[in-house]
Amino acid sequence: MKASKIAYKPVGLALGAVSGMVAGALFKQAWKVIGREEDAPDATDEERAWSQVLLAATVQGAIFAVSKAAVDRAGATAVRRLTGTWPG
């Protein structure tokens, strides 16, 4: 394993935590618009329809995936600018 890849591990973990927080905030705001409700449905919420639960899960998954990819890519790009090597 390359030294740059090992050195990037802590940075990647920190960026993962940041992307999770960003994605959570984005999802909460998106659900207010999409679902017209304050809170997204929980999978075990008996009073919510299947369509609501599955829509919320789909939107949440998409937002988390895009946020993670964007933050990971930005972190790798920043490391390349600072060190001259790509961390992956």
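Select Phe27 and Trp31 to begin: these two residues of helix α1 lie 4 positions apart, and therefore about one helical turn separates them. The model on display is a predicted one. The two side chains form an aromatic pair, and the structure holds 1 such pair. The ring centres of Phe27 and Trp31 are 6.3 Å apart and the planes meet at 35 degrees, so the pair is classed as tilted. Colour the two residues by accessibility next. Phe27 counts as buried, at 9% relative accessibility, and Trp31 is likewise buried, at 2%.

Now select the whole of helix α1, residues 3–34, and find Met21 within it. Is Met21 buried or exposed? Met21 is exposed, because its relative accessible area is 60% and the threshold for that class is over 50%.

Move on to Lys32 and Glu38. These side chains form a salt bridge, in which the closest N and O atoms are 3.5 Å apart. Both partners are partly exposed: Lys32 has a relative accessible area of 31%, and Glu38 has one of 49%.

The next selection is Glu37, Asp45 and Arg48, which salt bridges link into a network. Within this group, display the distance between Asp45 and Arg48, whose side chains meet at 3.5 Å, N to O. Asp45 is partly exposed at 27% relative accessibility. Arg48 also counts as partly exposed, at 22%; the reason is that the buried class ends under 20%.

Proceed to helix α2, residues 50–83, and select Lys68 and Asp72. What joins the side chains of Lys68 and Asp72? A salt bridge does, with an N to O distance of 2.8 Å. Because the two residues are 4 apart in helix α2, they are separated by about one helical turn. Lys68 is partly exposed, at 41% relative accessibility, and Asp72 falls into the partly exposed class at 24%. In total, the structure holds 4 salt bridges.

How many helices and strands does the secondary structure contain? There are 2 helices and 0 strands. Along the principal axes, the C-alpha atoms fill a box of roughly 55 × 25 × 15 Å. The radius of gyration of the chain is 17 Å, whereas a compact globule of 88 residues would have a value near 12 Å.

Two further views concern the surface and the contacts. Of the 88 residues, 20% count as buried. The chain exposes about 6300 Å², and carbon and sulfur atoms supply 64% of that area. For the contacts, consider those between residues at least 6 apart in sequence: 53% of them join residues at least 24 apart.

Terms used: Residues numbered from 1 in each chain as written. Predicted model: local features only at pLDDT ≥ 70, side-chain atom pairs only at ≥ 80, totals over all residues. Heavy atoms only, no water. Buried < 20%, exposed > 50% of the residue type's maximum accessible area, 1.4 Å probe, protein only. Rg over C-alpha atoms; globule rule 2.2 N^0.38 Å. Contact = heavy atoms within 4.5 Å. Areas by Shrake-Rupley, 256 points an atom, 1.4 Å probe, with all protein chains shown as cover. Phe/Tyr/Trp six-rings, centres within 6.5 Å; stacked < 30°, edge-to-face > 60°.
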